[in-house]
Amino acid sequence: MKQIWVDADACPKVIKETLFRAATRMAFPLILVANQPMQHPRSAHIRAVQVGAGFDVADNYIVQQMEPGDLVITADIPLAAEVIEKGGRALNPRGELYSEENIRQRLSMRNFMAEMRDAGIATGGPPPISQKERRDFANQLDRLLAKVNK
């Protein structure tokens, strides 16, 4: 893994804080990509890129700039699918590592839920991120970073 990209507009603050600590501790490049200005600690390892407003502008920027082996933090399943297709890794803020084995199922479920919403059936959004999910994310991130440092 050369660097970590963050789909930062929707990334929970607690997850960004975990990433900031890890980037500083492990000295790896962390790039926040968002449609709005992003606050982040002063660090040689952390930078923010503000892209223009619009649908999927940040996602497209990440896919264009990332390289095979990079890690992308996102809850956006179509973005995760593009990252995997390009040879990267995708981790959602709840600690689930997307893979070639599970991304098609996740895309199918996402599309099904979108159809339900389009039909007027209230599906509700995801619940707030839990303590367990925060731990799951931190543990998965640690495992990925440990592989890099071997």
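Let's start with Arg-25, which counts as exposed at 54% relative accessibility (buried is under 20% relative accessible area, exposed over 50% and partly exposed in between, using a 1.4 Å probe and protein chains only). In this predicted model, local features need pLDDT of at least 70, side-chain atom pairs count only at 80 or more, and totals for chains, interfaces and linings use all residues. Residues are numbered from 1 along each chain as its sequence is written, and side-chain values use heavy atoms, without hydrogens or water.

The side chain of Arg-25 meets that of Asp-142 in a salt bridge, 3.4 Å from N to O (a side-chain nitrogen of Lys or Arg within 4 Å of a carboxyl oxygen of Asp or Glu). Arg-25 belongs to helix 1 and Asp-142 to helix 5, so the pair ties together parts 117 residues apart in sequence (helices are DSSP runs of H or I with at least four residues, strands runs of E with at least two, numbered from the N terminus). Asp-142 is partly exposed, at 37%.

## Inside helix 1

Glu-17 also forms a salt bridge, with Lys-13. Both sit in helix 1, four residues apart, or about one turn of the helix. Lys-13 is exposed at 61%, while Glu-17 is partly exposed at 32%.

Helix 1 has buried residues too, among them Ile-15, Leu-19 and Phe-20. Their cover includes strand 1, strand 2 and helix 5. Just after this helix, Ala-27 takes a positive phi of about 55°.

## How confident is the model?

The chain's mean pLDDT is 90 (the predictor's confidence in each residue, from 0 to 100). Confidence is lowest in helix 4, with a mean of 72, and highest in strand 4, at 98.

Conventions:
Contact means heavy atoms within 4.5 Å.
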